[in-house]
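User: Hi! I am new to reading protein structures and would like to go through one step by step. Could you guide me?

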Amino acid sequence: MKIYDVIVVGAGASGLWAAGVACKINKQVLVIDMGAQPARKVAVSGGGHCNFTNDSVARNKYFGENPHFVNGVLSRIHPKDILNWAKQNNIQWTEKTPGRYFCTGPATKVAKALVNNARSAQILSNTKVIDIDKQDLFYVQTNTNIYTARSVIIASGGLSYPVLGVSDIGYRVAKKFGHKIVPVRPALCAITTKLFPDTFSGISLDVCITIGKEKIFDAMLITHFGLGGPAIYRTTVRNLDTDIHINLLPNINVYEWLKYEKQNNGKKKITTVLSNKLPDRIAMWLIKGQAKNIADYKDADLQKLAQYMSDITISKDSFKLYNMQSAEVVRGGVSTDEISSKTLESKLCPGLFFAGEVLDITGDLGGFNLHWAFASGQITGENA
């Protein structure tokens with residue numbers, strides 16, 4: 001029976017990166033993946049252009065029960081390291097916004113580079129891991145065979161994007177060896193709410209969302225079922241144990257602006273004034289169809305309107321995360337309490353490692369999750 005140095009469960013970004021690193025240090029590596037094509041999620045990420053790292057990578061861009069867990073890994077793998085890797089693999093990139101790196105061509109280039117870097121490994125596709133046991137070695141049972149290794153890296157991902165094929169095997173294996181699983185939920189996704197009428201679907205505007213102590217400045221999209229867009233996606237990766245506050249005009253003092261318009265353009269309809277900065281339908285909605293001249297409003301009424309526009313509140317109990325099918329990632333996963341932050345090895349089962357989304361670490365929108373996948377793959381590949 002062949003004994004591999006490392007078996008990697010999952011051929012996603014973290015698993016393939018780990019396999020490539022392990023192969024470079026002459027490890028015998030087997031990668032087992034349930035899908036027909038490795039790096040499927042990478043190939044569709046970033047709208048098909050793969051936002052693969054970000055200059056702003058730091059602890060405050062990651063979330064989980066213990067987000068400080070990422071410090072050790074992030075201190076060793078920097079955005080410049082990922083960019084050097086991309087350059088070595090002839091992947092050209094562009095910055096859509098400063099410091100946010102997208103693949104210039106299709107995201108399949110990144111997927112192909114990951115597979116190519118792991119070419120010395122044996123990759124089994126369309127193979128499901130059923131169970132993992134450990135005696136003196138690890139025994140990985142699949143739907144077709146049993147494989148043996150000295151170390152195992154669990155890089156099976158989360159439950160997001162189920163259409164691409166997902167599995168809870170990582171959670172089951174972790175639980176079997178004594179690890180706690182933080183309950184999993186959708187993240188980087190839309191929410192369902194009745195805040196705006198269905199007829200507003202398609203409206204996008206730049207807002208500031210406050211959740212807890214954090215402020216998120218980004219675009220919000222009104223959908224037929226609720227709210228989406230980057231601002232909402234970024235909100236859902238945070239802790240959702242508090243109300244969501246939306247400022248429709250975050251860059252101005254709304255009350256002072258309305259008072260100025262009243263004093264200088266008093267004969268204008270208030271809807272006309274509001275429509276200078278907001279979509280017409282939202283302007284009408286805000287004043288409930290009472291389109292009087294702005295001069296006819298008392299200052300107290302304008303102050304009340306300004307306060308509402310600056311703090312539209314969605315109570316924590318009045319919205320739901322849309323669904324796992326549309327979520328880009330998940331919050332939750334294998335608790336980091338019993339994982340070494342230096343090597344990502346289990347403290348309960350020597351030789352068992354965890355990388356990527358399977359862990360209770362989730363990044364903000366903007367390339368942070370792929371950076372974590374690559375960085376955690378690097379650490380596990382070096383140490384397994």
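**Reading strands, sheets and helices**

Analyst: Happy to! Let us begin with a pair of strands: β13 (residues 204-211) and β14 (residues 214-222) run antiparallel and are joined by eight bridges. Keep in mind that this is a predicted model.

User: How many residues lie between the strands in the hairpin of β13 and β14?

Analyst: There are two residues between these strands, and G212 in this hairpin takes a positive phi near 60 degrees.

User: What does β14 pair with besides that, and how is β14 joined to β15?

Analyst: Follow the chain onward. β14 also runs antiparallel to strand β15 (residues 226-228), with two bridges between them. L221 stands opposite G228 in β15, and a hairpin of three residues joins β14 to β15.

User: In what order do the seven strands of the open sheet come?

Analyst: Read a sheet from one side to the other, strand by strand. Here the order is β17-β16-β13-β14-β15-β12-β18, and the pairing is antiparallel. At the edges are β17 (312-314) and β18 (320-321), each of which pairs on one side only.

User: Which helix packs on this sheet and touches β12?

Analyst: That is α7 (residues 229-236), which also touches β13, β14, β15, β16 (244-247) and β18. The direction of α7 makes about 130 degrees with that of β14. Helix α11 (residues 299-310) lies across β16 and β17, at about 120 degrees to β16.

User: Now for two helices: at what angle do α1 and α5 pack?

Analyst: For a helix pair, look at the angle, the distance between axes and the handedness. Helix α1 (residues 13-24) and helix α5 (residues 108-117) pack at about 35 degrees, with axes 8 Å apart. Their crossing is left-handed.

User: Which residues of α1 and α5 meet?

Analyst: From α1 come A13, L16, W17 and G20, and from α5 come L114, V115 and N117. Sorted by class, this contact has five nonpolar residues, two polar ones and no charged ones.

User: How many residues are in the hairpin that joins β8 to β9?

Analyst: This hairpin goes through three residues. The strands β8 (residues 129-134) and β9 (residues 138-142) run antiparallel and are joined by five bridges.

User: You mentioned a positive phi at a glycine. Which residue other than glycine has a phi near 50 degrees?

Analyst: N126 has a positive phi near 50 degrees and is not a glycine; N126 is in the loop between β7 (122-124) and β8. L188 is also not a glycine, yet has a positive phi of about 50 degrees. You can find L188 in the loop between β11 (181-187) and β12 (191-192).

User: Is L188 buried or exposed?

Analyst: Here we need a cut-off: a residue is called buried under 20% relative accessible area. L188 has 2%, so L188 is buried.

Conventions: Residues numbered from 1 in each chain as written. Predicted model: local features only at pLDDT ≥ 70, side-chain atom pairs only at ≥ 80, totals over all residues. Heavy atoms only, no water. Axes fitted to C-alpha atoms, helices over the stretch in contact; angles between N-to-C directions. Helix = DSSP H or I, 4+ residues; strand = E, 2+ residues; numbered from the N terminus. Left-handed = near helix turned anticlockwise from the far one by under 90°. Contact = heavy atoms within 4.5 Å. Nonpolar A, V, L, I, M, F, W, Y, C, P; charged D, E, K, R; others polar. Pairing = 2+ DSSP bridges. Buried < 20%, exposed > 50% of the residue type's maximum accessible area, 1.4 Å probe, protein only.
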